[in-house]
Amino acid sequence: SFEFLIVDEFLRNALGARALKTAFELNMIDQLFASQPCTLEMLRVQANVDSRGLQLLLDLLVAIRVVERSGNDVALTADFMTALQYRDLLELKLDYAFDVAPDFLKLFTTLIRDPGQFMEQSRTFDLFNYGRCYESTIENYKQTVRWMRITTTLTKYEAHACMKHHDFGSYRSMLDIGGNSGEFALQVCRNFSDLSAIVMDLPLVCQIGREHLAREPEVDRIRFLPGDALEAAMPTGFDLVTFKSVLHDWPEDKVARFLGQAFQSLKPE
């Protein structure tokens, strides 16, 4: 159930992760996947790189067990071939790691000294700017899609961990507060055919969520409700209320309010 965690084996150090990201950017992983094994010359020509640069890159990839070499032949390792089954998760983690790396490298001392100041200066917190999720402008849409890709990809896999530890089979109606793109509702509804869901989130998030689910077979059982869960009245009459990756993101007084509203949304016993 958790085989996808194998992707983390290839992200254990920054230098190796950087080499892997470069290999993806040069389409070297695709070349190796399509034609195993490849010769050094085939890789050099396809990637259009310097010979010494290629040697350095391959040394780094060998060190993190992405590739293995036999003379002039290069091939992907069996473990990395398994990880490639979860390529969207692997590439997402690489992209996000290098998006937040400047904050870690430049502002780590600030984080230790004054977390509030770190949040003000950090690019990471600007990426997750919920203030952009009310009005559908080109810039707001582009930025919101960017961070929703992160949450959606992680949720695609995290949902299976949740379903492994909780039986959703007795529920018929679910309210997913802060449900983002609807990915959590999608995964649960896909596995439990009698369940329908309402996803409540900010207006632009709901717009993008509808686009995300538009071609899914379960789309008729998942509805989006635009609204601010701290301000808007909650719908009622649900068997289940969920918060997917929400409560940890708020101070305790807001969490208490969320939970109180969620309780009122449940069907009376």
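**Exercise 1. In which hand does H9 pass H10 in their crossing?**

Solution. The model is predicted: local features need pLDDT of at least 70, side-chain atom pairs count only at pLDDT 80 or more, and totals for chains, interfaces and linings use all residues. Residues are numbered from 1 along each chain as its sequence is written, and side-chain values use heavy atoms, with hydrogens and water left out.

Step 1. Locate the elements: helix H9 covers residues 138-165 and helix H10 covers residues 183-191. Helices (H or I, at least four residues) and strands (E, at least two) are DSSP runs, numbered from the N terminus.

Step 2. Take the geometry: the two helices pack at an angle of about 40°, with their axes 8 Å apart. Axes are lines fitted to C-alpha atoms, for helices over the stretch in contact, and angles run from 0 to 180 degrees between N-to-C directions.

Step 3. Classify the angle: H9 and H10 are therefore oblique to each other. Angles under 35 degrees count as roughly parallel, over 145 as roughly antiparallel, 65 to 115 as roughly perpendicular and the rest as oblique.

Step 4. Assign the hand: H9 passes H10 in a right-handed crossing. A crossing is left-handed if the near helix is turned anticlockwise from the far one by less than a right angle, and right-handed if clockwise.

**Exercise 2. Describe the crossing of H1 and H6, then follow arginine 87.**

Solution. Step 1. The axes of helix H1 (residues 14-25) and helix H6 (residues 87-113) come within 10 Å and cross at roughly 120°. H1 and H6 are therefore oblique to each other, and their crossing is left-handed.

Step 1. H1 contributes Ala14, Ala17, Arg18, Leu20, Lys21 and Phe24 to the contact, while H6 contributes Arg87, Leu90, Glu91, Leu94, Asp95 and Phe98. This set of contact residues of H1 with H6 divides into seven nonpolar, no polar and five charged.

Step 2. Arginine 87 lies in helix H6 and is partly exposed, with a relative accessible area of 25%. Not counting residues up to four places away in sequence, arginine 87 touches Phe24 and Asp30. Arginine 87 and phenylalanine 4 are 83 residues apart in sequence and 9.4 Å apart in space, C-alpha to C-alpha.

**Exercise 3. Which residues of H3 are buried, and what do they pack against?**

Solution. Step 1. The buried residues in H3 are Leu40, Leu43 and Ala47. Seen down the axis of H3, they fall within an arc of 70°, so they line one face of the helix; the arc is that of the directions from the helix axis to the C-beta atoms.

Step 1. An α-helix has 3.6 residues a turn, so residues three or four places apart point the same way.

Step 2. The buried residues of H3 pack against H2, E1, H4, E2 and strand E3 (73-76).

**Exercise 4. Examine the backbone at proline 37, asparagine 48 and arginine 65.**

Solution. Step 1. Glutamine 36 and proline 37 are joined by a cis peptide bond, with omega about -10°. Proline 37 is in the loop between helix H2 (28-34) and strand E1 (38-39).

Step 1. Asparagine 48 is not a glycine, yet has a positive phi of about 55°. Asparagine 48 sits in the loop between helix H3 (40-47) and helix H4 (51-63), and at 70% relative accessibility counts as exposed.

Step 2. Arginine 65, also not a glycine, has a positive phi of about 65°. Arginine 65 lies in the loop between H4 and strand E2 (67-70), and at 37% relative accessibility counts as partly exposed.

Technical notes
Buried < 20%, exposed > 50% of the residue type's maximum accessible area, 1.4 Å probe, protein only. Contact = heavy atoms within 4.5 Å. Nonpolar A, V, L, I, M, F, W, Y, C, P; charged D, E, K, R; others polar.
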